Amino acid sequence: LIINAAKPGCSSWRDPVKGSWLITSLCDVFNRYAVNTKLSELLKIVMNQMSLKEAEDDGGKKIKQGIDITLRQWRKDLFFLPSQEISKYSKKQKAKEDPIEFTKNHSYNSKSKHYNMKHEKRGKAFIFNHMNFKKKLNLKERSQTDCMALKESLDQMGFKVLVHDDLKKCEIVDILEDAAQKDHTNADCLFVAFLSHGENGIVYAKDLQISTEKLWENFTSDKCPSLAGKPKIFVINACRGNKTDKGQRVSNRSAVENDCSKQKNELKIPTFADFVIAYSTVEGSVSFKNHEGGSWFIQSLVEMLKTEGKTEDWLSMFTRVSQKVAEYESHVPDNNNMDKCKQIPCTHTTLTKKIIIDHNGEDMQSKIKKTSSMRTSNNKEDTSDQQVDVRLE
């Protein structure tokens, strides 16, 4: 877990008396809520507090600060066990806390611990699926397996899924720019998936490489106001380099481990807040797939979307995805460098709240598309089991 006080290229602020915004918020949240609250939830409360802070520069301009959290090899939830004194203090503070609020309007509710997922529409989901590439790129063909499985899961979640196969770079840029200019006022969130080959910091369109930042740069709150305060989820399934991970054997300790104020309408939030960027692998490393079963990452994500996508917090769900991917191991006996390798996804988040679609069974059923194909989808055989023959994304 890596916590940066500010986004790359941005300043970190402090109060001359109380200290830095980040450390002050961390101390306050940990002292008040550390008992029986997992670390990922504690950090969301910290980010929510940070989103409400505001500074003023020499010219009188209002400044916000958004922190950047990166999860690497994070496969389980972490709980702290503080002393009895802190425990008593924390319980008293929780008793004073306001209950979780859900508003039916489209305004940003800074007190709520959950994003408002009760708009008229779930939102759009863009899947950029690349199977064929220009010969000059010298890239292997990819299959349709991941795209089909992901589309089916997102359909069931109520998204309006838009699949784009083998687009050129200019076409992808145009679609994303157009999407950012649309009105998302009546939508819960945005989902974008990019399935292709890649290297560190770039992914491949049909004809050219494209910077990963290009995928989300148009959806910050200053460029796409109708998505401000709403979750924006980006999933990138591609290699990020050529490094392989042979893994490290550790003893199985599962037997002893437990997994366990009035707001104004013009409330400001940080420009880069409310993003989740989930990579299939860590920086500099390869991403594996089965020849027939699809990529380890997307197939694990699809499984979790089907079983936990509505009822569980999505950041916790991505942690479970990492846990499942970590269980895979490559089997390429004719290539020692690629044989018996492991893979771990990496999730960057600037979320300030939990993403739970069906909180207490209150999901809007009208959002779910009741097509005949979906009604029969549960009868299909499960093809997500690990297969031994793998190749690189």
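Is C346 buried or exposed? C346 is buried, with a relative accessible area of 1%; buried means under 20% relative accessible area, exposed over 50%, and partly exposed in between, with a 1.4 Å probe and protein chains only. C170 is partly exposed, at 48%.

Before going on, the basis: this is a predicted model, where local features need pLDDT of at least 70, side-chain atom pairs count only at pLDDT 80 or more, and totals for chains, interfaces and linings use all residues. Residues are numbered from 1 along each chain as its sequence is written, and side-chain values use heavy atoms, with hydrogens and water left out.

The disulfide count is 0, where a disulfide is a pair of cysteine sulfur atoms within 2.5 Å.

Now the rings. There are 10 aromatic pairs in the structure. Rings of Phe, Tyr and Trp (its six-membered ring) pair if their centres lie within 6.5 Å; planes under 30 degrees apart are stacked, over 60 edge-to-face, and the rest tilted. One of the pairs is F219 with F234, tilted, at 6.0 Å centre to centre and 55° between the planes. This pair links distant parts of the chain, 15 residues apart: F219 lies in the loop between helix 6 (213-216) and strand 13 (232-237), and F234 in strand 13. Helices (H or I, at least four residues) and strands (E, at least two) are DSSP runs numbered from the N terminus. F219 and F234 are both buried. Together with W216 and F275, they form one aromatic cluster.

F275 also has a charge over its ring: the charged end of K232, 5.2 Å from the ring centre. The criterion is NZ of Lys or CZ of Arg within 6 Å of the ring centre and within 35 degrees of the ring normal. Likewise, the charged end of R240 sits over the ring of Y279, 3.7 Å from its centre.
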